[in-house]
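Please keep the sequence and the model in view while reading.

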Amino acid sequence: MKNLTSWDSDPVQAFKEFVGTEAFAKTAQRLPADGMLRLVSGESARIYISMFSNVSAWIAEQGKTFSTVTHGDLVRFVNRVDGGKVVLNSKIGYRYLRLLERCYQHLGVIPNPAKQAILSTDRTDLPKDDAGRTLSPEQLQRFFDALPADPPRRRRVTAFDGWKRRRDRAMQVMIALAGLRVAEAIGLLVHEVGHQVALDGSVDLTITPEEKHDTSYEHITPLPREGVAELRPWLDERERMVKELALPGLFVFPANVLGGKMTNKTVYKQIRATFERAGLDMSRAGGRTLRNTFAKGQLDNGASPDQLKDVLGLALERSAADYKFTRIKDDPKK
């Protein structure tokens, strides 16, 4: 067992020194497809540090330290209730326990209290998370009808006026029709879009972890004919921007003419705006709903969970099977 002194006296600092190392990468449950260890991205490190800070503060409030907290304490942490509402849904609670398990594993703590907490938690006793939201075919069509578009009779001062609206339109269509995570769409690179058009009019998108979330697995997903029809004009315009504006970088959907990377927050706001224009319920209106809709449609059309797992780039078949439980939410009453 490694020395736990620093983890007890200043656990957050100890974790900060650990999370960006190869030692942390080695505690991952699954290595990337190429078998190469990858250090976590800065964005992921910030998320992990925030999570660890939250649980560390709670441990201190209980009068415990990192080395004295028990698996029973950790079960209480993930099952906390505030104002009659569960603080953490079961999936987020598991992620907290898994993060702590990795720390105790690195430190050689046996038995591992976080692992004991995971094993001792009866999943049937956990509060049920709300079913994921999906759109009906009619709602999805209304979403497409409400996508950003150039206003009628508008005269452009330059050839590229309004390019961000056309970028946003193509991105939202692609998320909906290829089932991409927002992080995958933001980080999509030009060379990941296939050039060969299949007999059904689709093209393959080869999604790699490069410029995306560090937990993304390389996978191939087809973009159907309808999506290609929206994406190709944007790619042509982007190419003209490269030639005429010297647009740098390889992002399919750059944030600006400097070739910067878009943020999740920006895309989230844009998708919510489309939901609002479509008159759809605004609760949980985002890229996840579009991905849910795509996945549920694949299962309804006969895809097996194993097939869907590969298309979505998931690690586990059961994760793909969960999409069958997504539910359509009625439109708000006027």
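## Burial and overall make-up

Throughout this report, a residue is called buried when its relative accessible area is under 20%, exposed when that area is over 50%, and partly exposed in between. The model is a predicted one, and of the 334 residues in its chain, 43% count as buried.

The chain has 15 helices and 6 strands, and its C-alpha trace spans about 70 × 45 × 35 Å along the principal axes. Among contacts between residues at least 6 apart in sequence, 61% join residues at least 24 apart.

Side chains of opposite charge can pair when their charged atoms come close. With a cut-off of 4 Å between a side-chain nitrogen of Lys or Arg and a carboxyl oxygen of Asp or Glu, the count comes to 15 salt bridges. One of them is formed by R169 and E230, whose closest N and O atoms are 3.0 Å apart. This pair links distant parts of the chain, since R169 belongs to helix α9 (residues 163–178) and E230 to helix α11 (residues 225–245), 61 residues apart. R169 has a relative accessibility of 24%, and because this value lies between the limits of 20% and 50%, R169 counts as partly exposed. E230, with a relative accessible area of 24%, is partly exposed as well.

A salt bridge also joins the side chains of K212 and E192, with 2.9 Å from N to O. Here too the pair links distant parts of the chain: K212 sits in the loop between β4 (203–207) and β5 (219–223), while E192 sits in the loop between α10 (182–186) and β4, 20 residues apart. Both K212 and E192 are buried.

K309, at 14% relative accessibility, counts as buried, whereas D310, with a relative accessible area of 43%, is partly exposed.

## Helix α8 and its buried face

In helix α8 (residues 137–145), the residues Q139, L140, F143 and F144 are buried. Seen down the axis of α8, the buried residues fall within an arc of 145 degrees, so they line one face of the helix. An α-helix has 3.6 residues a turn, so residues three or four places apart point the same way. The elements that cover the buried residues of α8 include β3 (133–134), α9, α12 (264–277), α13 and β6 (327–328).

Helix α9 also contains K164, which at 39% relative accessibility counts as partly exposed. The C-alpha atoms of K164 and A255 are separated by 8.2 Å, although these residues are 91 apart along the chain.

## The crossing of α13 and α14

The axes of helix α13 (residues 287–300) and helix α14 (residues 305–312) come within 10 Å and cross at roughly 145 degrees, and the crossing is right-handed. On the α13 side, the contact is made by R291, F294, A295, Q298 and L299, and on the α14 side by P305, L308, V311 and L312. By class, this contact of α13 with α14 has 7 nonpolar, 1 polar and 1 charged residues.

Definitions and conventions
Residues are numbered from 1 along each chain as its sequence is written. This is a predicted model: local features need pLDDT of at least 70, side-chain atom pairs count only at pLDDT 80 or more; totals for chains, interfaces and linings use all residues. Side-chain values use heavy atoms; hydrogens and water are left out. Helices (H or I, at least four residues) and strands (E, at least two) are DSSP runs, numbered from the N terminus. Buried means under 20% relative accessible area, exposed over 50%, partly exposed in between (1.4 Å probe, protein chains only). Axes are lines fitted to C-alpha atoms, for helices over the stretch in contact, and angles run from 0 to 180 degrees between N-to-C directions. A crossing is left-handed if the near helix is turned anticlockwise from the far one by less than a right angle, and right-handed if clockwise. Contact means heavy atoms within 4.5 Å. Ala, Val, Leu, Ile, Met, Phe, Trp, Tyr, Cys and Pro count as nonpolar, Asp, Glu, Lys and Arg as charged, and the others, Gly among them, as polar. The arc is that of the directions from the helix axis to the C-beta atoms.
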